[in-house]
Amino acid sequence: MSAERRKHRRVHASLPCLMRGPDRRHEPFDLLDLSESGLRMRCARPLAPMTQVEVDIELPAARIGRDKDVLLRLRGVVVWSRRSPAPAGAQTVPVQAWDTGVFFPELTRDQVALLLLFVASEVA
């Protein structure tokens with residue numbers, strides 16, 4: 001078993017999200033987990049490592065101590081992308097999906113603060 005390489009704690013997250021890749025096309029994705037430095041998402045296509053993307057994530061007000069939800073627009077870099085495993089017990093061939101890791105190389109202090117609040121608010 002390999003040692004954990006992440007510096008920051010990741011938490012499960014299921015939030016409304018959009019991604020824009022190099023083709024600038026907006027496409028929804030399923031957010032799987034989130035940290036102050038990156039995310040894991042499930043999308044409809046593979047993305048090559050080092051691909052630059054923008055992701056829009058709407059953080060719920062209740063999780064970040066705000067009156068309104070906050071839309072974060074984050075620039076990221078794809079670190080890895082691999083075919084998603086088929087769900088256990090699937091009776092039909094699932095739609096092709098790709099799990100993808102994205103790193104946020106440049107975040108503002110406000111963005112980091114909001115991500116930290118979100119991570120810290122996870123219900124144990």
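**Close-up views of a predicted model**

**View 1. Glu27 and its charged partners.** At a relative accessibility of 8%, Glu27 counts as buried. The structure shown is a predicted model. Glu27 forms a salt bridge with Arg25, with the closest N and O atoms 3.2 Å apart. Arg25 is partly exposed, its relative accessible area being 44%. The side chain of Glu27 is also joined to that of Arg45 by a polar contact of 2.7 Å.

**View 2. The surroundings of Arg45.** Arg45 lies in the loop between strand E5 (38-43) and E6. Apart from neighbours within four places in sequence, Arg45 is in contact with Met19, Gly21, Asp23, Arg25, Glu27 and Trp98.

**View 3. The salt bridges of Arg20.** Arg20 forms a salt bridge with Glu54, in which the closest N and O atoms are 2.7 Å apart. This pair links distant parts of the chain, as Arg20 belongs to strand E2 and Glu54 to strand E6, 34 residues apart. Arg20 and Glu54 are both buried. A salt bridge also connects Arg20 with Asp56, the closest N and O atoms being 3.1 Å apart. Here too distant parts of the chain are linked, with Arg20 in strand E2 and Asp56 in strand E6, 36 residues apart. The relative accessible area is 3% for Arg20 and 6% for Asp56. Arg20, Glu54 and Asp56 belong to a network of salt bridges that includes Arg24, Arg73 and Arg75. The structure holds 12 salt bridges.

**View 4. Strand E6 and its two partners.** Strand E6 (residues 52-59) is mostly covered, six of its eight residues being buried. Strand E2 (residues 17-20) pairs with E6 in the antiparallel sense over four bridges, and Cys17 stands opposite Ile57 in E6. E6 also pairs in the antiparallel sense with strand E7 (residues 70-83), over eight bridges. Glu58 has Leu71 in E7 as its bridge partner.

View 5. Eight strands form an open sheet in the order E1-E4-E5-E8-E7-E6-E2-E3, with antiparallel pairing. E1 and strand E3 (26-28) stand at the edges with a single partner strand each, so one side of each is left without a neighbour in the sheet. Strand E4 (residues 30-34) and E5 run antiparallel and are joined by four bridges; Asp30 stands opposite Arg42 in E5. Helix H2 (residues 109-120) packs on the sheet and touches E1, E4, E6 and E7. The direction of H2 makes about 75 degrees with that of E7.

How values were computed
Residues numbered from 1 in each chain as written. Predicted model: local features only at pLDDT ≥ 70, side-chain atom pairs only at ≥ 80, totals over all residues. Heavy atoms only, no water. Buried < 20%, exposed > 50% of the residue type's maximum accessible area, 1.4 Å probe, protein only. Helix = DSSP H or I, 4+ residues; strand = E, 2+ residues; numbered from the N terminus. Pairing = 2+ DSSP bridges. Polar contact = N/O pair within 3.5 Å; in protein donor to acceptor, adjacent residues only side chain to side chain. Contact = heavy atoms within 4.5 Å. Axes fitted to C-alpha atoms, helices over the stretch in contact; angles between N-to-C directions. Salt bridge = Lys/Arg side-chain N within 4 Å of Asp/Glu carboxyl O.
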